[in-house]
Amino acid sequence: MLEVNERGISIAEAAERTGVSVHTLRYYERAGLVVTTVDRTAGGRRRYRQIDLDWIKICTKFRATGMPIRTIRRYAELVTAGRGNEKDRLELLETHRAEILTQLADLTESLELIDHKIDVYRGRMQAGDADQLWAPRE
């Protein structure tokens, strides 16, 4: 990946590099999810630095795990506040991790059911009696 030069990059290039839309980048700023103040040109255009892109990727990963915007905002506030709140940050991340583990367990259980159903269908099709599979009757 190319490093961002000291002048930064445009919002369009930042969107391309982070994999989120220009609209999402603007929303992340408005919602208080970005931990730095995004630089601006003399004409008011945003200029993203590497630290901005790195943070946006963190936010994107958090969102992909289902972390609510308010929780990401809280985490960003803690990071922005600086030292002394590491225990709060850790607690927030551990709580979210536990939620993800619960989701993974639920998904694993659902996947096991789907795998079982696939095995049943394959077995019946190979045996030539797939027409004997259960179907609702009126």
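Glu29 is partly exposed, with a relative accessible area of 22%. In this predicted model, the side chain of Glu29 meets that of Arg46 in a salt bridge, with an N to O distance of 2.5 Å.

The structure has five salt bridges by the rule applied here. One of them joins the side chains of Arg17 and Glu13 at 2.7 Å, N to O. Both residues lie in helix H1 (residues 11–18); they are four residues apart, which means a separation of about one helical turn. Glu13 is partly exposed, at 32% relative accessibility.

Asp52 and Arg49 also meet through their side chains in a salt bridge, here at 3.7 Å, N to O. Asp52 counts as buried, with a relative accessibility of 0%, whereas Arg49 counts as partly exposed at 28%.

The aromatic side chains may be considered next. A pair of aromatic rings is described by the distance of the centres and the angle of the planes. Across the whole structure, a search finds three aromatic pairs. In one of these, the ring centres of Tyr27 and Tyr28 are 6.4 Å apart and the planes stand at 55 degrees, so the pair is tilted. Tyr27 is partly exposed at 33% relative accessibility, while Tyr28 is buried at 6%.

Phe62 and Tyr75 form an edge-to-face pair, with 5.5 Å from centre to centre and 80 degrees between the planes. This pair links distant parts of the chain, 13 residues apart: Phe62 is in helix H3 (residues 50–64) and Tyr75 in helix H4 (residues 69–81). Both Phe62 and Tyr75 are buried. Through ring pairs, Trp55 joins Phe62 and Tyr75 in a cluster.

Which residues gather in a patch of negative charge on the surface? They are Asp106, Glu109, Glu112, Asp115 and Asp119. Among them, Glu112 lies in helix H5 (residues 86–127). Glu112 is exposed, with a relative accessible area of 52%; this classification follows because exposed means over 50%.

Terms used
Residues are numbered from 1 along each chain as its sequence is written. This is a predicted model: local features need pLDDT of at least 70, side-chain atom pairs count only at pLDDT 80 or more; totals for chains, interfaces and linings use all residues. Side-chain values use heavy atoms; hydrogens and water are left out. Patches are made of residues with over 30% relative accessible area and no salt bridge: like charges are joined within 9 Å, nonpolar side chains (Val, Leu, Ile, Met, Phe, Trp, Tyr) within 5 Å. Accessible areas come from the Shrake-Rupley method with a 1.4 Å probe; for residues, only the protein chains shown count as cover. A salt bridge is a side-chain nitrogen of Lys or Arg within 4 Å of a carboxyl oxygen of Asp or Glu. Lys and Arg count as positive and Asp and Glu as negative; His and the chain ends are not counted. The place of a charge is taken as NZ of Lys, CZ of Arg, CG of Asp or CD of Glu. Helices (H or I, at least four residues) and strands (E, at least two) are DSSP runs, numbered from the N terminus. Buried means under 20% relative accessible area, exposed over 50%, partly exposed in between (1.4 Å probe, protein chains only). Rings of Phe, Tyr and Trp (its six-membered ring) pair if their centres lie within 6.5 Å; planes under 30 degrees apart count as stacked, over 60 as edge-to-face and the rest as tilted.
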